[in-house]
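Here is a briefing on one protein model.

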Amino acid sequence: MSRSTGPTTGRLRSNHSIEVQGTVTPHRTTRNWAALVASLALVGASCGADAADDTAGDKVAPVVESSDVVAETAVTPPAPSTIAGTVAEATSTTTTLEAPLPAWRSVDLVDASRPSKEILDDAGNVRTEGSDSRSIPTIILYPGTDGGGLDAPVADSPPRPLVIYLKGFGGLNSATDPLLVTLAEAGYIVAVPNIREVSDPINHFPGHVEQPGDARFVIDALTNPNDGFVDDLAPVIDSARIGLVGHSLGTAGAFGLAYHDCCRDDRVDAVVAFGGNFNNFDLGDTDFEFTGTPLLLIYGTNDDISPIEIGAEVLDLADPPSHLLALPGADHFQPVYGDAEGGDGDRAATTAATIGIGFLDLHVAGTTSQEDFDDLTASLEPGTWRNAGG
């Protein structure tokens with residue numbers, strides 16, 4: 001789900017709840033992770049007061065209402081926000097992934113092998129015409145020259161890992177969304193498809209089942225240097241290093257592509273899932289098998305759209321190395337979008353991006369070690385971090 005309402009309510013409940021504490025304690029750091037842990041310490045100091053009443057026993061923080069704000073489409077080049085600047089500064093730690101300011105472009109990727117189904121309204125009238133192909137408008141953030149920006153030339157760069165971001169129901173992706181800019185500034189090529197049935201103005205539940213196929217086609221289009229789609233970007237994309245990031249309904253596509261027989265793609269090296277909800281996952285009769293691909297689950301403890309108990313249920317089904325990060329006091333949107341005017345939501349988003357990029361650096365980019373990632377997560381207070389099988 002994007003910052004809009006939609007049919008996403010939780011149904012699964014786990015017998016394993018998360019004890020939430022909001023502070024972060026200093027921990028031994030090594031080499032270039034000192035800045036990351038320092039960033040987390042600032043986050044934890046603010047979150048601690050919010051979670052103080054929820055630290056006893058195995059209780060999850062109470063549910064609160066979340067805001068209904070629709071993400072706008074991009075009209076200006078991406079500029080670092082408070083979140084992006086903080087995390088990008090902390091995570092640009094290796095010469096391998098240091099990048100110029102991100103450039104971006106919007107392209108229409110057309111999959112001629114799959115049709116777009118017509119969409120009917122409640123009265124049975126045709127609301128949106130079908131076609132013999134699928135149009136997938138996609139925003140791409142990449143290393144550019146001349147300071148980056150819209151349609152900047154591609155910088156001369158070694159091949160970089162690719163991240164596909166699948167957003168939630170409603171709204172449109174923007175090249176200025178802080179999480180996307182942060183990922184790009186950390187050295188990733190970021191591709192953001194506005195999937196027809198999930199994005200405005202067509203958004204049509206349950207058309208989300210098209211997400212895995214669309215995501216697979218985007219990967220194909222960006223990694224093939226001779227198919228006529230953004231061929232100038234193919235040389236700077238490492239097709240052997242691919243990650244998926246999904247939010248809300250977008251996790252259906254990410255989980256389908258990584259963990260379901262309907263669409264499993266072995267090119268995916270890791271998944272970061274924000275606020276996933278099983279009610280959205282009607283991808284086939286078989287169950288998800290959360291094996292073979294590392295998974296990071298991120299939930300706000302005040303998420304009333306995708307409650308954190310769902311994340312605990314998924315983690316119980318997952319094989320290591322998979323993890324659950326609980327963000328004290330955060331709702332469904334704050335871990336991805338932060339707050340419009342700063343505050344606790346921005347700090348939750350900073351924590352999520354810092355841990356998420358560390359996870360991708362370990363399992364996708366290969367630019368950090370398990371020891372350094374363990375040092376990073378060990379700085380979190382017990383109860384905010386849980387490992388699969390632990």
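Phenylalanine 255 and phenylalanine 290 are both buried in this predicted model. Their rings form an edge-to-face aromatic pair, 5.2 Å centre to centre, with 80° between the planes. The pair links distant parts of the chain, 35 residues apart. Phenylalanine 255 belongs to helix α5 (residues 250-259), while phenylalanine 290 sits in the loop between β9 (268-274) and β10 (295-300).

**Aromatic contacts**

- The whole structure holds 8 aromatic pairs.
- Phe255 and Phe290 belong to one aromatic cluster, together with Tyr259 and Phe288.
- Another pair joins phenylalanine 373 and tryptophan 385: the ring centres are 6.1 Å apart and the planes stand at 70°, so this pair is edge-to-face.
- Phenylalanine 373 is in helix α9 (residues 370-378) and tryptophan 385 is in strand β12 (residues 385-387), so their pair ties together parts 12 residues apart in sequence.
- Phenylalanine 373 has a relative accessibility of 1% and counts as buried.
- Tryptophan 385 also counts as buried, at 17%, because the cut-off is under 20% relative accessible area.
- Arginine 105 places its charged end over the ring of tyrosine 142, 4.8 Å from the ring centre.

- Alanine 103 stands opposite glycine 149 of β5.
- In general, strands of a sheet pair through backbone hydrogen bonds, either parallel or antiparallel.

**Helices on the sheet**

- Glycine 243 is found in strand β8.
- Its relative accessible area is 0%, so glycine 243 is buried.
- What does glycine 243 touch, leaving aside residues up to four places away in sequence? The contacts are Leu162, Val163, Ile164, Ala270 and Val364.
- Glycine 243 and proline 161 are 82 residues apart in sequence, yet their C-alpha atoms are 7.7 Å apart in space.

**The disulfide**

- The count comes to 1 disulfide.
- Cysteine 262 and cysteine 263 form this link, with sulfur atoms 2.1 Å apart. The pair qualifies because the cut-off is 2.5 Å.
- The angle about the S-S bond is -75°, and the link of cysteine 262 and cysteine 263 is left-handed.
- Buried or partly exposed: which is cysteine 262? Cysteine 262 is partly exposed, with a relative accessible area of 36%.
- Cysteine 263 counts as buried, at 13% relative accessibility.
- A disulfide is a covalent bond between the sulfur atoms of two cysteines.

Conventions:
Residues are numbered from 1 along each chain as its sequence is written. This is a predicted model: local features need pLDDT of at least 70, side-chain atom pairs count only at pLDDT 80 or more; totals for chains, interfaces and linings use all residues. Side-chain values use heavy atoms; hydrogens and water are left out. Buried means under 20% relative accessible area, exposed over 50%, partly exposed in between (1.4 Å probe, protein chains only). Rings of Phe, Tyr and Trp (its six-membered ring) pair if their centres lie within 6.5 Å; planes under 30 degrees apart count as stacked, over 60 as edge-to-face and the rest as tilted. Helices (H or I, at least four residues) and strands (E, at least two) are DSSP runs, numbered from the N terminus. A charge sits over a ring if NZ of Lys or CZ of Arg is within 6 Å of the ring centre and within 35 degrees of the ring normal. Two strands pair if DSSP finds at least two bridges between them. Contact means heavy atoms within 4.5 Å.
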